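Please open the sequence and the model side by side.

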Amino acid sequence: MNDNHLLEVQSLLRKNGILITFSGRLSQQLIEEYGEAVKTYLENEHQSTKEIIHTFSIYIEQTQNIKNYCANRREGAAKDRIAQSSVVSIGMNDKGNFICSGNLVENADIPELTSRIDAILQLNKDELKKLYKERLRQGLSENPAEAGAGVGLIDMARKATLPLEYTVTPLDESLSFFTLKAVV
């Protein structure tokens with residue numbers, strides 16, 4: 001990449017209000033380091049504590065979801081492709097802070113993922129709060145390995161000021177690129 005291409009990338013990031021972005025294989029250490037950088041940047045922008053906490057929380061949830069999804073894939077060429085496909089961006093626009101993440105997802109997993117999000121999108125804030133508490137109680141009383149399953153998406157929807165947005169872009173017969181956006 002020459003200097004002009006890097007300038008073009010920077011211009012594109014600024015044009016879209018992106019403050020920080022990462023692309024590649026996520027690790028717990030990277031998630032934490034980028035999270036701290038985001039918190040510091042938002043604090044320097046004099047954002048409210050609530051906005052900072054919600055932005056940080058959604059960022060952590062999105063990146064953990066990607067990391068966990070990648071870790072649970074079967075060995076093979078698709079597993080490495082999926083792990084390398086992670087991307088997360090945090091930015092600001094006239095609607096607030098946005099957290100947008102994406103990664104490759106096996107096509108077989110798309111219906112369950114999108115149906116869970118679609119169900120969440122049908123709920124208002126009070127219904128989300130009620131569902132969140134129910135899921136937490138279920139997680140405590142049932143299988144500890146599945147505790148909190150789906151709670152993260154519900155919590156993101158609760159903290160977001162606008163409905164969550166997602167897209168699915170089919171790439172081939174086995175993989176699609178999934179993106180999720182939350183605005184605080």
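Q: What should I keep in mind about the model and its numbering?

A: This is a predicted model, in which local features need pLDDT of at least 70 and side-chain atom pairs count only at pLDDT 80 or more, while totals for chains, interfaces and linings use all residues. Residues are numbered from 1 along each chain as its sequence is written, and side-chain values use heavy atoms, with hydrogens and water left out.

Q: At what angle do helix 3 and helix 4 pack?

A: Helices here are DSSP runs (H or I, at least four residues; strands are E, at least two), numbered from the N terminus, and axes are lines fitted to C-alpha atoms, for helices over the stretch in contact, with angles from 0 to 180 degrees between N-to-C directions. Helix 3 (residues 49–71) and helix 4 (residues 77–84) pack at about 170°, their axes lying 9 Å apart, which means that helix 3 is roughly antiparallel to helix 4 (angles over 145 degrees count as such). Contact means heavy atoms within 4.5 Å, and here Tyr69, Cys70 and Ala71 of helix 3 meet Lys79, Ile82 and Ala83 of helix 4. By class, this contact of helix 3 with helix 4 has five nonpolar, no polar and one charged residues, where Ala, Val, Leu, Ile, Met, Phe, Trp, Tyr, Cys and Pro count as nonpolar, Asp, Glu, Lys and Arg as charged, and the others, Gly among them, as polar.

Q: Which residues of helix 4 are buried, and what covers them?

A: Buried means under 20% relative accessible area, exposed over 50%, and partly exposed in between (1.4 Å probe, protein chains only). The buried residues of helix 4 are Lys79, Ile82 and Ala83; seen down the axis of helix 4, they fall within an arc of 95°, so they line one face of the helix (the arc is that of the directions from the helix axis to the C-beta atoms). Their cover includes helix 3, strand 3 (96–106) and strand 5 (175–183).

Q: How does helix 3 pack against helix 7?

A: Helix 3 and helix 7 (residues 151–159) pack at an angle of about 155°, with axes 10 Å apart, so helix 3 is roughly antiparallel to helix 7. On helix 3 the contact is made by His54, Ser57, Ile58, Glu61, Gln62 and Asn65, and on helix 7 by Gly152, Asp155, Met156 and Lys159. These residues divide into two nonpolar, five polar and three charged.

Q: Which residues does Thr55 touch, and is Thr55 buried or exposed?

A: Thr55, in helix 3, is buried, with a relative accessible area of 0%. Not counting residues up to four places away in sequence, Thr55 touches Val38, Leu42, Ile90, Asn97, Ile99 and Val184. Thr63, also found in helix 3, counts as buried at 0% relative accessibility, and, leaving aside neighbours within four places in sequence, Thr63 is in contact with Leu26, Ile31 and Val88.

Q: What is the phi of His46, and where is His46 placed?

A: Most residues other than glycine have a negative phi. The phi of His46, however, is near 60°, a positive value in a residue other than glycine. His46 sits in the loop between helix 2 (28–44) and helix 3, and counts as exposed at 72% relative accessibility.

Definitions and conventions
Angles under 35 degrees count as roughly parallel, over 145 as roughly antiparallel, 65 to 115 as roughly perpendicular and the rest as oblique.
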